[in-house]
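Please read the following report alongside the sequence and the coordinates. It moves from the whole chain to single elements and then to one residue.

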Amino acid sequence: MHRVGVIGAGYVGLTTAACLAHLGHTVHCTDRVPERVAALRSGEIPIREPRLTELVREGLDSGRLAFGTDNAEAARSEFVFLCVPTLAGDDGSPDMAFLDAAVAEVGPHLGAGSIVVNKSTAPIGASRRIAGLLGRDDVSVVVNPEFLREGSAVGDFLHPDRIVVGSDDDGAVLRVSGIFLKIASPIIVTSPESAETIKYAANAFLATKVSFINAIAELCEATGADIGQVVHGVGADRRIGTEFLQPGPGWGGSCLPKDSLGLLRMSGDRGVDLDLLRSAVAVNERQYERVAAKAVRAAGGSVAGKRVALLGCTFKAGTGDVRESPSLRIARRLADDGARVRAYDPTVADPIEGVEICADPYLAAEDAVVLVVGTEWEEFRHLDLDKLGQVMAHRAIVDARNLLDPAKARAAGFAYEGIGFAGG
Ligand code: NAD
Ligand code: UGA
């Protein structure tokens, strides 16, 4: 078992730290936000992830997991995992500021023979840049992209489809692979550049797959076909599969949008036009507009001065994360048209610009001319439609997740529209 430092205690860092401690390693995880560290030390985790609290407490109790703010201390480890944000810069290109800062903070304190493992999604070539910044012959840099999803981070980390280890240093590859010895998943060894490309290509493919089905959903609306039946029939082909083929309000979250733009920018800089991905992004932007337009139509042609109810603020169900949420993109679009948007989300209580947060779905629906389902929270399936209709000014639902039963909604007197089928 090894001594591991983890820099950054967000979705990726905290999951990495807790899971590596669970696997038996001794982990020191840092974050630059002292309040976050204080909460973590008492076993309170700042994000919503199944099993994560349990694993953090297990690590604290066993003494294998510790939290701090001092990156120098975390750097005095055999392996130092970098799990800091790589936000999109103004032009879409990945911003290396957090990563560069983290490297500068750990660099001088790394012992000879230690390995810096970059888990942050960073531009192709980043690991060589990190090695250059470190300027150390006695320290290796390895790329180990992370593929976990929010809402299933622990399960994804402990049971990944694959573990990618990118490095030209065979010894470092062996040592990093050893960390994951207890995880029964294939390890794919690549060059650093390939590992960095794999991460961007995977997210770009997932984004493209969803845009593809959203485009086919638009076609279904024009032809009278039913997207549910189409997905069933297309996805039954094992080469295609039904995963990531659910139509919706467009893809969002902290990574798919950022990484798609990042890849477009990086490829453009190298004279390669990824026009397929560019189209996927354009289709996604159009999808937000299409859902907003459905809401405007349902409201009688204008939402100006009217109330709109929004169910769900997070970018998907199972997370408390509202970053780049399609639901909020649609809400802002409607607010720009003069709507007063009142929202309910089971995980959101803090204010969100342009949206009034309500304590339950029925309060959000009061006097609304249309209700938009933006996130596929299970509890929305079980709404009391009569009660909803009684508080609304007009019985209309735009279900951007195809979550509700159209027949039941229509039987309750609602004009109901989903995505990708007749009346959809
Ligand atoms: P996050 O915003 O949830 O967490 C990052 C944490 O790093 C924050 O708590 C921040 O305070 C801390 N931090 C920043 N600079 C620091 C420093 N110098 N020292 C110590 N702490 C520092 O971010 P995230 O979602 O975990 O993403 C991290 C990286 O992983 C990104 O590159 C992202 O693209 C990638 N990624 C994210 C996911 C995901 O599902 N969120 C999945 C795979 C990959
Ligand atoms: C995504 C990838 O799935 C992870 O593999 C990756 O590690 C991560 O990004 C990352 O790099 O951060 P995540 O952001 O948690 O994970 O979200 P997804 O589950 O991929 O969903 C992304 C968006 O696509 C959501 O808005 C979701 O609602 C939408 N989506 C997904 C659909 O509209 N239809 C689908 O069939 C699937």
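## Basis of the model

This is a predicted model, in which local features need pLDDT of at least 70 and side-chain atom pairs count only at pLDDT 80 or more, while totals for chains, interfaces and linings use all residues. Residues are numbered from 1 along each chain as its sequence is written, chains are lettered from A and ligands numbered from 1 in the order in which they are written, and side-chain values use heavy atoms, with hydrogens and water left out.

## Overall build

The protein chain has 16 helices and 14 strands, where helices (H or I, at least four residues) and strands (E, at least two) are DSSP runs numbered from the N terminus. The chain is as compact as a globular protein of its length, because its radius of gyration of 23 Å is close to the 22 Å that the globule rule gives for 424 residues; the radius is taken over C-alpha atoms, and the rule is 2.2 Å times the number of residues to the power 0.38.

Along the principal axes, the C-alpha atoms fill a box of roughly 70 × 50 × 40 Å. Among contacts (heavy atoms within 4.5 Å) with a separation of 6 or more, 70% are between residues 24 or more positions apart.

## Surface and charges

Of the 424 residues, 53% count as buried, that is, under 20% relative accessible area with a 1.4 Å probe and protein chains only. The accessible surface, from the Shrake-Rupley method with a 1.4 Å probe, comes to about 18000 Å², and 53% of this belongs to carbon and sulfur atoms.

With Lys and Arg counted as positive and Asp and Glu as negative, leaving out His and the chain ends, and with each charge placed at NZ of Lys, CZ of Arg, CG of Asp or CD of Glu, the mean positions of the 44 positive and 56 negative charges are 2 Å apart.

Helix α1 (residues 11-22) reaches 16 Å from its first C-alpha to its last, close to the 16 Å expected for its twelve residues, the expected span being 1.5 Å times one less than the number of residues. Ten of the twelve residues of α1 are buried, among them Y11, L14 and C19, and just after this helix G24 takes a positive phi of about 115 degrees.

Helix α9 (residues 192-223) has 32 residues and spans 47 Å, close to the expected 46 Å; G224 follows α9 with a positive phi near 90 degrees.

## Residue T15

T15 lies in helix α1 and counts as buried because its relative accessibility is 0%. Not counting residues up to four places away in sequence, T15 touches G10, L52, L148, A153, V154 and F157.

Notes:
Buried < 20%, exposed > 50% of the residue type's maximum accessible area, 1.4 Å probe, protein only.
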